[in-house]
Amino acid sequence: MIIPRLARRNLFRCPRRVILSMVAIVVGIGVFILGEGLVSGVTENLKVSSIESMNSHVLIRPPDYPEGIQHPVDELLEIDEEVRRVLDEETVAWTERIIFSPTAAAGPDHVRARAIGYDPVRDPEVFSRALWQVTAEKPDAEQNEVLLTTGVADLLNLSVGDTLILRVRTHLGAMNALRVSVSGIVETGFHNIDSMGILMSLSLAQRLIDADNPTHIGTRLESRDDSEPFAARISELLGDRAEVQTWQEDVQDLMGIQNIRRRALQIISAILLALAGVGMANTILMSAYERVREVGTLRSMGMTKQGVTGLFVFEGLIIGIVGSILGALWGGGLAAHWAVNPIDFGDLIDVWGEDLAFSALVYTRFSMGTVLFGVGFGIVVSMLASIFPARVAASMPPAEAVRAE
Amino acid sequence: MAVCELKHVTKSYGTGPARVDAVKDISLSIDSGEFTVFKGPSGSGKTTLLNMVGCLDTPTEGDVIVKDRSVKDLSSRALSRLRASTIGFVFQSFNLMPVLTALENVELALQLAGLKEDTREPAAKLLSEVGLEGFERRRPNQLSGGQQQRVAIARALVKHPALIIADEPTANLDTTNGAQVLDIMQALNETHGITFLFSSHDPRMIERGRRIVSLTDGVVSSDERRDSSGGAG
């Protein structure tokens, strides 16, 4: 067929103009796909970080437990046999934690820390250690050993083998202090723990707060999507003796912000594509005005107005299809690359705040659906942008057009 | 048999006091096989008349009948179909598609006329007939003016139209190439009986016409038929 060939070759008459239009499409589609991948990746990171660092699938804690870095131990969890039975039967794993806020002092330096006392056997079944980088073995409770996170170790300038004093307010309100030694430095991968965390065995934590009961119970379910019905069931059993929080509730505010970010990104992508569309319309319109005589000649040879419209729209479509595919390759390629090789946001997170449950390593989410949507959207924008100039070309009176200079 | 008839055709531009009649109340009949030239000075209405005969434009008043079809009430799409099937055009500036080869330019006419396959062979044959064998793969900018006009003739001819309209076909050619183009047109008219209707104010070209219609200020001032020897018929 000669007509598609004609359309294709017409594009190469002014390659720089066509390439510029194409670049605009490439940028628009690429930003959309990459941005979607990044926002989805950050969203997933927030969810996983909440689940794997502090909240687990469903977290049980004392009623009216404050948000933030205060971790009072005045109220402890009282778990009866019925609740234990449900936890045993309906979770994949559950574990007790004592979380408190000691003052850690080493020489003249001291820092308010977040201490987590955990069950060395059960805790890893609920809170994944996949991202943990630790320099030594597990801390030994008998030897008063703790793991320091990198943030605390840096602040107090401590390393393995050093000692520090933990000053704690006990469950009953008395002051307690204990010299502990650093058995290892750990980086859990979650900023809210790594910035100020001290990890120790549950028994050492019990000694420090002078109580046996936990402050938190974390759970792992078959699927994170089961958290809401399970939380409802546990909540019913515990009544007002405890507060039950799903991971969805934990990240609810952040998800709201993420949705705003996603919407903002979509608007930016739409604006970029609209600008690309205007550029495309301009390219096709200029092409139409440069080819008035050719349009007239085609009309004289029997091409209908619809045929002329189709010819110019086809040219726009070629730009749109090639641009969209290149944009998808660029944006999708980077999204796919970073889905395997994470981006390190470590420096940025330090600025965001120390209590942010967020892994510094962000994996983008590569979605073929997003890529296909992006390509389709780019093609539709290109087609729509071509229609107006194509109609301008088609409406040229053939008698005048064939003699145009 | 008439290929085309003009019945009291008037073409005006503008309205009210600004109205200008480019063509006024012209009635003509073009028979099959004619080799007719419209002559007249610039602004006499030659191009306007050819546009209406070629269905590129419609009259303000009167009617044009092409192959027994009145164009007055035809839609834009129907006019396009009529042009595709019935009328071939040769323009002063050749009007070839610069991005297509000579062969593709001719094939394009066939495809627009509705032939989707096997366009290469008839297109190549026509190019050969106008003396362009070996030039099929050249683009217009690789051809001389005379060669381009011959491609344009082949393009107009390839769909076997009832009528070929040529508006000043030699105006952009030198004497030799102009004469060659005219020779080809005349030979096609004589051998294949193709109806040619062209305009010119070049006396050498007008001499070749077997019917000479003179236009002055949008009206026919004379309509002279001549025999093959060149004498008045």
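1. A residue counts as buried if 20 or more other C-beta atoms lie within 10 Å of its own, as exposed if 12 or fewer do, and as partly exposed in between, with C-beta atoms placed from the backbone. By that count, Asp217(B) is partly exposed, with 14 C-beta neighbours inside 10 Å. Asp217(B) is not a glycine, yet its phi is positive, about 50 degrees. Asp217(B) sits in the loop between β9 (211–216) and β10 (219–225) of chain B. Helices (H or I, at least four residues) and strands (E, at least two) are DSSP runs numbered from the N terminus.

2. The model is predicted: local features need pLDDT of at least 70, side-chain atom pairs count only at pLDDT 80 or more, and totals for chains, interfaces and linings use all residues. Residues are numbered from 1 along each chain as its sequence is written, while chains are lettered from A and ligands numbered from 1 in the order in which they are written.

3. Phe94(B) is another non-glycine residue with positive phi, near 70 degrees. Phe94(B) lies in the loop between β6 (87–90) and α3 of chain B. Phe94(B) is buried: 23 other C-beta atoms fall within 10 Å.

4. Now the chain as a whole. Chain B holds seven helices and 10 strands. Its radius of gyration is 17 Å, close to the 17 Å from the globule rule for 233 residues, so chain B is as compact as a globular protein of that length. The radius is taken over C-alpha atoms, and the rule is 2.2 Å times the number of residues to the power 0.38. Buried residues account for 50% of the 233.

5. Next, the helix pair. The axes of α5 (residues 145–157) and α6 (residues 175–192) of chain B come within 9 Å and cross at roughly 20 degrees. Axes are lines fitted to C-alpha atoms, for helices over the stretch in contact, and angles run from 0 to 180 degrees between N-to-C directions. α5(B) and α6(B) are therefore roughly parallel (angles under 35 degrees). Residues of α5(B), including Ile153(B) and Leu157(B), meet residues of α6(B), including Ile184(B) and Leu188(B). Contact means C-beta atoms, placed from the backbone, within 7 Å.

6. Last, the contact between chains. Chain B gives 23 residues and chain A gives 20. In chain B, α2 (76–86) and α3 (102–112) each supply at least two residues of the side that touches chain A.

Methods. Contact = placed C-beta atoms within 7 Å. Parallel < 35°, antiparallel > 145°, perpendicular 65-115°, else oblique.
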